[in-house]
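Dear colleague,

Please find below the structure that I am handing over to you. My notes on it follow directly after.

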Amino acid sequence: MNDHLSFLIEKLPILLFGFPGQRPGGLTLSLILAVVAVAVGFCLAMPVSSAERAGWRPLRWCAVAYVEVFRGLPLILLLVLVHQGLGGVRFGLNWSPRMSALVALILYSSAYQAEILRAGLSTVPVELVESARLMGSRPRQVYLLIKLRYALRVMLPAFTGQAISLFKDTSVVVVIGVAEVMTVARMALGADVTNARYWVTMYSFVGVLYFVIAFGLSRLSQRWEQRSRQPDLVHSFFSY
Amino acid sequence: MPLDWLTQDLLYLLLRGLLLTVVLTAATAGLALAVGVAAGTMRLSANRFVHGLAVVHVEIHRNMPALVLMIIWAFALPNLFPAEFRRGLFFDNAFLNWISGWSGLSLPYYTLAAGIALVLNTSAYLAELFRAGVGAIPQQHVDAARTLGASRLELFRRVLLPEGLRTAFPAISTRLIHHLKNTALAAFVATPEFFHSAQTAITRTFLALEFLLLAAVVYLLLAFAFSGLLRWVEKQWLAAGSRQTPLTTAHQTNE
């Protein structure tokens, strides 16, 4: 029991921050990957979700295909596809595993967020948009201040759920060898046979790390939702 | 011939993988639905112990990545036992030999472990969805069943289960399609399912892009077919449900 604990304590710094030569790594890198993928994914999701509701059909089909393809592929396949296919030597890109992981995660999360955003935008009341137009707002103002704001509020639980889910999904990047917490745990255990009895301890601890962050974030977002729901949507609609 | 890189033995390898993916998805999805409904019902229980058990199951398996669960079950768990027991317990006993006998898997424990992890992970999500579905049942339905003298088992079987599943079905089918995609993670723990066989094909031929694109197309088709199947199930179910209610009432009043 004691040696398990001291093994974990010995490995804790590299699990949290990565190997000395290649920081940030470990859990920090998992968090960075998740945050960047969600942020950039949202920026991509805005045009895609608008294109999904566009009048011009080819554009709409392209957007729908984008969402369906990146939502329909397993993340593990998407990662390997981006790393060995798109970012490999064949197209002269030769991306590092970290770069490939980031691209794949962005594509994956943008498709999910586009779907959520589309659902949110479809709930925006027409009256709200029309009255904003009557007040002389420009299209960009209508989009940012009315539609997007309303959709974000309605879809807040879905967005936070997706972000937490994406954080857990970053564990899959171990297949292309990005030095995030799963890979670090795997390398810390190594091929050493005397380490075999630490396997359960190590992976359970990694599981606990994911659990603490995912559970904490979901509790936090629940609280946030409750607080932001108090000025009711209907109320804000009429008193806007 | 554009597909001449796909030789016959590679095609056979991929088809075997595809078969395992389909079987694994079907078996684990069915089990996960059963476990999920059980856990969701347990969470509604007034008994504190039963309730707590379900909460612990749901929270642990929902907040840990599926990959971590798979590695714990497949690679870490056997290492908990001394080497002399490990072989007999996990790799070479009558039960596992029986499985590999008819399925042709060389190390069936890894597939089993991946299946267990998948069932635990998905059932935690399904439990929450089922609980939400039960929560959306109109109170009158439950009251009506109680007034008619339904026992708790009958209340569950005739009201909570069908109506809860029906309300939660759109969300459940989304989750089950996600489950289908999650089975690809089993490739990481040496389960020879479709993605694993695609990777094997790549290491044999060095044609990464071809096989990965082929795998992508196959997964998209699988997801498409699965969602079609789920929609069909939902339609059958909803139609049966809406037809059943007035018919049984009329039947009972006639008698």
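Findings

Within helix 2 of chain A there is a kink of about 30° at A:Ala45, shortly before the proline A:Pro47. Please note that this is a predicted model.

The length of that helix was also checked. Helix 2 of chain A comprises 27 residues, residues 26-52, and at 1.5 Å a residue it should span 39 Å; its end C-alpha atoms lie 37 Å apart, which agrees.

Elsewhere in chain A, two helices pack against each other. The axes of helix 4 (residues 75-86) and helix 5 (residues 97-121) of chain A come within 9 Å and cross at roughly 130°. Helix 4 of chain A is therefore oblique to helix 5 of chain A. Their crossing is right-handed. On the side of helix 4 of chain A, the contact involves A:Leu75, A:Leu78, A:Leu79, A:Val82 and A:His83. Helix 5 of chain A contributes residues including A:Pro97, A:Ser100, A:Ala104 and A:Tyr108. By class, this contact has 10 nonpolar, two polar and no charged residues.

Lastly, the contact between the chains. It takes 30 residues from chain A and 28 residues from chain B. On the side of chain B that touches chain A, the elements giving two or more residues are helix 2 (48-63), helix 3 (66-76) and helix 10 (208-254) of chain B. Helix 10 of chain B provides the largest share of that side, eight residues. The residues on this side of chain B divide into 24 nonpolar, two polar and two charged.

With kind regards

Methods:
Residues are numbered from 1 along each chain as its sequence is written. Chains are lettered from A and ligands numbered from 1 in the order in which they are written. This is a predicted model: local features need pLDDT of at least 70, side-chain atom pairs count only at pLDDT 80 or more; totals for chains, interfaces and linings use all residues. Two residues are in contact if their C-beta atoms, placed from the backbone, lie within 7 Å. Helices (H or I, at least four residues) and strands (E, at least two) are DSSP runs, numbered from the N terminus. Ala, Val, Leu, Ile, Met, Phe, Trp, Tyr, Cys and Pro count as nonpolar, Asp, Glu, Lys and Arg as charged, and the others, Gly among them, as polar. The expected span of a helix is 1.5 Å times one less than its number of residues. The bend at a residue is the angle between axes fitted to the seven residues ending there and the seven starting there. Axes are lines fitted to C-alpha atoms, for helices over the stretch in contact, and angles run from 0 to 180 degrees between N-to-C directions. Angles under 35 degrees count as roughly parallel, over 145 as roughly antiparallel, 65 to 115 as roughly perpendicular and the rest as oblique. A crossing is left-handed if the near helix is turned anticlockwise from the far one by less than a right angle, and right-handed if clockwise.
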